[in-house]
Amino acid sequence: MKDQIIQVLMAFGGSLGFGLIFHIRAKLLFPAAIGGLLAWCIYLVCMSRIGSAALASFIAAAFAAFYAELLARVLKAPSTLFFVPAVVPLIPGASLFYTVNSVVTKDWAMFRHYGALTTQYALTIAAGMCLAWAFCAMARRIHARSTRQGE
């Protein structure tokens, strides 16, 4: 349990750091960093229940996209300001490092293994984002149509 608490706090810190790098306004910085904390919590819960890092990344990325869209509407700011810091903890840093390290050491078998893992994680994160954004776009269209019909 202690390890998970440390991971969640570090996810918050990493998201906060990226928010600072991207010069997010002070009033939006904390909500953006909370997105990273929550996305990592979702990832950890999914990993403990499902056991698949790829599926956990997919679900956490979809959550991060929904979170960003929601905050964008509530705080009247671009969703990217909330999405990028929220998804930062999900970046497959270890497998990416081992992929590059395998290239440098010319260990092609490990390169194929870690390269495939890194690609899989990146694609599942992208798929989660796309699914969530497609759902949000569809919901906006439905809402706009129902608003026009009600006039």
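Before looking at angles, I noted that axes are lines fitted to C-alpha atoms, for helices over the stretch in contact, and that angles run from 0 to 180 degrees between N-to-C directions. Helices are DSSP runs (H or I, at least four residues), numbered from the N terminus.

The model is predicted, so local features need pLDDT of at least 70 and side-chain atom pairs count only at pLDDT 80 or more, while totals for chains, interfaces and linings use all residues. Residues are numbered from 1 along each chain as its sequence is written, and side-chain values use heavy atoms, leaving out hydrogens and water.

**Entry 1: a helix pair.** I looked up H5 (residues 93-104) and H6 (residues 108-149), which pack at about 150 degrees with axes 8 Å apart. That makes H5 roughly antiparallel to H6 (angles over 145 degrees count as such). Contact (heavy atoms within 4.5 Å) involves, among others, Tyr98 and Val103 of H5 and Phe111 and Tyr114 of H6.

**Entry 2: Ser79.** Is Ser79 buried or exposed? I found Ser79 buried, with a relative accessible area of 17% (buried means under 20%, exposed over 50%, partly exposed in between, with a 1.4 Å probe and protein chains only). Ser79 sits in the loop between H3 (53-75) and H4 (80-87). Leaving aside neighbours within four places in sequence, Ser79 is in contact with Ala68, Glu69 and Ala72.

**Entry 3: Phe83.** With neighbours within four places in sequence again left aside, I listed Ala61, Ala64, Ala65, Ala68, Met129 and Trp133 as contacts of Phe83.

Definitions and conventions
Helix = DSSP H or I, 4+ residues; strand = E, 2+ residues; numbered from the N terminus. Parallel < 35°, antiparallel > 145°, perpendicular 65-115°, else oblique.
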